[in-house]
Structures are given as structure tokens and as C-alpha cells.
Amino acid sequence: PYLSAIDWDHPSWEKTGIAASIYVWNGVQYLSWNGALGDLPDGVIPTMQGFFVAMDGTTSNPSLVLKNEARVHGPDPYKNSEGSAALQLHVKGNGYYDNTFICFNKDATNTFDSQLDAYKIMGLEEAPQMYTRAGEDLVKINVLPLTLSDCDVPVDLIAPEEDEYTLVITGQKSFSHYDQIFLEDKLTGKLIDLSVVQEYKFSAGPSDTEDRFVVHFKNSAPSQPKEKEIYIYSHSSSIYLDDRDGIDLPEQVEVYDLSVLCVLSVQLDGNARNVVNPGVQTGLYLVKVYTGSTIQSKKVFLK
């Protein structure tokens with residue numbers, strides 16, 4: 001703990017082999033900041049507050065040097081006043097809360113990026129815990145590759161007590177490359193247009209599965225007519241195929257690895273929602289879905 005507030009983003013820090021994000025315990029959750037966004041306001045560590053950082057694995061002799069210049073005396077002119085395009089999900093219930101963040105960057109990957117992402121460190125057992133995944137890692141701040149393609153991001157929730165929870169979503173208007181963002185509640189089947197609704201109330205408890213939500217980022221140029229679009233997304237080792245309009249039901253699915261080898265071909269039963277478990281190794285796969293009139297495809301990450 002330092003005798004004054006200190007700015008994690010100040011250029012006077014000497015960081016060797018240190019990941020970008022910092023973690024500060026506030027008595028309920030670990031607040032995080034990755035240098036551009038998070039729930040530790042402006043990356044300022046309060047007076048006499050301990051903090052955690054992570055090594056990035058680039059050196060066997062990491063070091064972190066703090067100099068007096070990092071002390072906070074007022075607004076810092078080098079801060080990015082415009083902020084980053086990020087979707088923040090704030091869940092509250094049982095008297096507690098948690099936050100998770102989703103954004104995009106051209107330098108990001110689908111796995112954990114030490115200079116962009118922030119780990120999810122669990123808070124109080126009594127508090128809800130919300131997070132996404134970067135490969136095998138649980139993350140609080142998830143920076144994904146910037147692409148014009150549609151993107152589906154599973155969001156996990158741990159609800160410690162049976163209660164009514166509220167999910168508040170902000171940052172929708174900060175995205176310029178996605179015109180539509182939807183929140184899917186997989187338990188209830190509801191699909192919420194986040195351009196219209198920013199607050200969602202739902203019941204949850206400890207017996208519910210953790211993979212509760214999916215955030216669907218959609219651009220303005222879908223490859224198929226919207227009324228015939230099959231939503232293709234993945235979570236963990238499963239592939240989900242949803243025809244929410246019931247107009248053009250999926251009839252067959254094929255899964256290919258990156259060498260274009262077909263690892264699965266399955267005839268479907270004509271249901272509006274299908275879950276497929278290919279049983280393959282962790283990695284990127286191409287999913288092709290055949291309906292009565294279209295063929296749709298998308299890359300997904302399976303583990």
C-alpha cells in the first residue's frame with residue numbers, strides 16, 4: 001500500500017514482464033482496469049490500497065517499479081477522455097453486484113491477451129459472479145478480435161441465492177461496427193434488443209447452469225435475409241443452432257476443422273433450436289448449416 005493515490009496508467013511506471021491489467025479488492029469484488037476500461041475508475045489505486053498484477057510470461061525476471069511521479073494530484077492530460085467502445089454488463093442481486101466488459105480490438109485474439117484482457121477473480125461467495133471466457137480463461141474484461149462478421153459472446157453467471165436479479169447493460173451506442181446488439185437469456189428463451197432495453201430483470205439461483213446468457217453482435221449486412229437467418233454460436237464444447245422465426249428450420253449441420261476436414265455431419269430433427277456436441281479438440285471450427293433453401297456458415301471456437 002502506498003501513501004497516496006497512484007495512477008496505474010502513468011508513464012513513469014517501469015513494467016517488465018507485467019500484464020496490462022490491475023486488480024483491486026473493494027470488499028465485495030476485484031475491480032479491474034486494463035489501461036483503457038474497467039470498473040476501477042480511471043485506473044487510480046486509492047490511498048493505502050493494496051493491489052494485484054499478473055506476470056505475462058515474457059521473462060523469467062519480471063519487475064515492477066513505482067516512482068513518485070505516478071502519484072495522483074489532479075486530472076491527467078494524457079488520459080483518453082473519449083474512452084473505449086465497450087459493452088458493460090452490471091448484474092445486481094442478493095444485496096451485491098458484479099461487472100463484466102466486452103470490447104473489440106484489431107490486435108486481440110480469441111484466447112487470453114495479457115496486454116488487453118483482465119482475468120475474472122471471484123469475489124464474495126454471497127455476491128453474483130459474471131464473466132466471459134477467452135479460450136480456457138475466465139475473464140472480466142474480454143477484448144475480442146475486431147471483425148465485421150457477426151459475433152456471439154457467451155456470458156456466464158453464478159447466482160449464489162435464489163433471488164430476482166437485475167442486469168443493466170451500458171455502452172451499446174459506443175460501437176460503430178455493429179448496428180444491432182441482442183442479449184439472449186438461454187434459460188427463458190428471451191431475446192432482448194439492447195438498443196431498446198438497457199435493464200433486464202430475471203430470477204436465478206445456485207441450481208441454474210452457469211452458461212445463462214449470450215450477447216449477439218450483429219452488423220448491418222447479414223449474409224442471408226434476416227427472416228431466414230440461423231443463429232450459430234458456441235459455448236464450451238457445444239454448438240448452438242437457433243432459428244428464432246421458425247421459417248427455415250435447420251436440416252443438417254457439418255463441422256470442419258481448419259484443414260477443411262469434415263469432423264462431423266449430422267441430420268437434424270427439424271427443431272427450431274439444436275445443440276450439437278462434436279467431441280473435438282480445442283480450436284476454431286467452421287460450422288455449415290443446411291436448411292430447405294439456404295446454406296449458412298460461421299467459424300466458432302470449441303474447447
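Predicted model: local features only at pLDDT ≥ 70, side-chain atom pairs only at ≥ 80, totals over all residues.

Visitor: What makes Glu 14 and Lys 67 a salt bridge?

Guide: The N to O distance is 2.7 Å. The cut-off is within 4 Å, so the pair qualifies. Glu 14 sits in strand β2, Lys 67 in the loop between β7 and β8, 53 residues apart.

Visitor: Why is Glu 14 called partly exposed?

Guide: Its relative accessibility is 36%. Buried means under 20% and exposed over 50%, so Glu 14 falls in between. Lys 67, at 34%, is partly exposed because the value lies between those limits.

Visitor: Why do Lys 298 and Asp 152 count as a salt bridge?

Guide: Their closest N and O atoms are 2.5 Å apart. The limit is 4 Å, so the pair counts. Lys 298 lies in strand β25 and Asp 152 in strand β13, so the bridge ties together parts 146 residues apart in sequence. Both residues are buried.

Visitor: What makes Arg 273 and Glu 184 a salt bridge?

Guide: The closest N and O atoms are 3.5 Å apart. Arg 273 is in strand β23 and Glu 184 in strand β15, 89 residues apart.

Visitor: Are these two buried or partly exposed?

Guide: Glu 184 has 4% relative accessible area, under 20%, so Glu 184 is buried. Arg 273 has 35%, between 20% and 50%, so Arg 273 is partly exposed.

Visitor: Which residues are linked in a network of salt bridges?

Guide: Asp 39, Asp 98, Lys 120 and Lys 140.

Conventions. Residues numbered from 1 in each chain as written. Heavy atoms only, no water. Salt bridge = Lys/Arg side-chain N within 4 Å of Asp/Glu carboxyl O. Helix = DSSP H or I, 4+ residues; strand = E, 2+ residues; numbered from the N terminus. Buried < 20%, exposed > 50% of the residue type's maximum accessible area, 1.4 Å probe, protein only.
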